[in-house]
Amino acid sequence: MNKIIIIVLSIGITLVAYATYYEVICLDLDADFNREISTKKHKTGQEQGLKNQITSIKNYIEILEEEEHYSYQNSSHYNELDLNQPDFIRVNKCVKQYLDKNKFQDNCEDYIIDAIISDFGESNFIEAVIATAIDYRFLGTDYAFPKYLFSNNASLRSKLVLSFLNRYRDPEKLQQTFNEYKTYFYERISKNVYQQIFNNTVSDFISAYEDINQQPDADTYFKDIYFKAETQNAHGKYWNVTFWKRRMLEKNDKTIYAILKEVKNHYDSL
Amino acid sequence: MNTLDQLFWESPFTEMVIKVSTTYCFVIVLILIIQKKGYLKHTFFSIAMLLSTVLFVIASAMFFKYQYDKYRRLESRNDEYLAPQNMFKTEGSEPYINSLKNELEELRFSIEDLTLLSEWKENRNGIMGYETSLLSSAKSFDEDDFSMQNILKETVITQFENEEYSQQYWNKVFNIVFGYIEEKDYYNSPHYQATAIIPVTYEKSNYSTNGTEMSPAHYKYIEEEGNTAYIQRKIKSTIRSKNNIENFWTKNKAFIYTFFSKSKYDELCKPVVDDLIDIHDKITKELGYRAFYAKYDEQDSTFINFHSKKFPETYYISWPFGFWDRRFGENNDETVYKVLKEIQEHYSE
């Protein structure tokens, strides 16, 4: 009798043991399942997030690349100067003279630029000029930008931009203005934007200047470059170099070089 | 080991096993005690023991079946959801996500960058806007349309400009700003009243412009308008950088000291200068004052709660608070404070 009891008891315990074993396996299976489901969710979420980002960025770029259909009729929502105020009587006179003779008289450029700055603000004007120097189809520097400024058929807008820029040919004024606004622009222009859009141009000019300074005879070097530019009709190609010749004549080359270096260092060290 | 921990502490299975085993042991012990006490005949004892054990086995068998079924169920579920073909579907797979990340990098610009670039694209149209308004205004501009008085006003302004920065110039400026009345040798708008010199809008003159003759009073009116217009334009267009303020002050302070004798200074300027310095000292003692002022716009009336409600009210008006708020915003407060301190010291001897 005892033996029977012991055998039956053993069977019972064995069954419990097996049941435990299966319970353990079930726990594992559950753990696996949950882990895979959550990974999948995370990955799908991640994937969707990436897809959304890519779509928005592509949309943005498409909008930027669109050709501008700016017409004078649509300009009503842009900045306007109230030129009916009697203070701007001479600005009106100046622009009228410009329309008649296609150039500015006396101090007209100054009057007009002052009027714009008093409304627009100097830093906004500077930022607008930067914005004009970018080609939005390729999101890089617009190498045709100087051409527009100096062409014989330059629009009033280009001439105004040129007049505005002319104010900064004075090295002290340039340095002062740079110091005043550099913090603003450093914050505004991210490292990536600088690298993608401006770095190449800045680096080209810096190395052109350093090349010039390494020349034993700068005058001959310049004559040589100018000759090449004329004969090959490639002023654009040698512009980096001829730029510095003009700056040396204006005596602001050292200031400009220092500023370019400072900007490049700032972004390189970010 | 995680699974064992789970088994012992979380699974309801363990609880049941323990319950059943405990019941079984309890029953056995009970039977043994009864038998020891001699209440149970041997046969009954054996049957009781056997019965309890059989019940225990039945319970175990049910356990086993339950767990085994559960195992089969979970296994088939896992097979279905986690099959290899499901795992390597493109969605949610590692290689696909990496390819998306690469695509993102090749796009060169982040959304923040592109926001800036589209702002710039818009912004350059600002210059076009000015070009347009200049051209359209000039096209319809007829010099004769501008009435005599506006031409005169321009003349007044130009005259003012030509005198720039001489002693005569500064005398003129201060006489205008403090409302000097020559006939009575008296200043009409001392200290704080001078800060309201610039009107918000120019009212239409009450003087008629029929004919070419203008009364002397009319001339005077135009002259005054021209003068305040000049000062307003000058204030708006002067660059407010630290350097510019310092240079401007250094170049012109001799003239200013010449105009303001000690008595004139005390009458016209002292209250404002003293208040500005005093308030600046108190404001800058508070922690986080720059952030506080950055939050508010430049309306003077908003500075009621800072420091304490009573604090601004103890001052004549709240204009100095707005003054410093604007200086904080222009980042030239240190320079301005330095200049004010210099003035205060100069006149305190």
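**View 1. L30(B) is partly exposed in the predicted model.** Its relative accessible area is 41%, where partly exposed lies between buried (under 20%) and exposed (over 50%), with a 1.4 Å probe and protein chains only. L30(B) sits in helix α2 (residues 12-36) of chain B; helices are DSSP runs of H or I with at least four residues, strands are E runs of at least two, and both are numbered from the N terminus. This is a predicted model in which local features need pLDDT of at least 70 and side-chain atom pairs pLDDT 80 or more, while totals for chains, interfaces and linings use all residues. Residues are numbered from 1 along each chain as its sequence is written, chains are lettered from A and ligands numbered from 1 in the order written, and side-chain values use heavy atoms, without hydrogens or water.

**View 2. The largest nonpolar core has 80 residues.** Such a core joins buried Ala, Val, Leu, Ile, Met, Phe, Trp, Tyr and Cys residues through side-chain atoms within 4.5 Å. I112(A), F125(A), W244(A), L117(B) and W120(B) touch the most other members. Helix α8 (residues 191-214) of chain A gives the largest share, 10 residues. A second, separate core of 42 residues includes I157(B), A229(B), Y257(B) and L340(B).

**View 3. Surroundings of W120(B).** Beyond neighbours within four places in sequence, the contacts of W120(B) (heavy atoms within 4.5 Å) include E127(A), I130(A), Y136(A), R188(A) and F198(A).

**View 4. Chain A as a whole.** Chain A has 11 helices and two strands, and buried residues make up 41% of its 270 residues.
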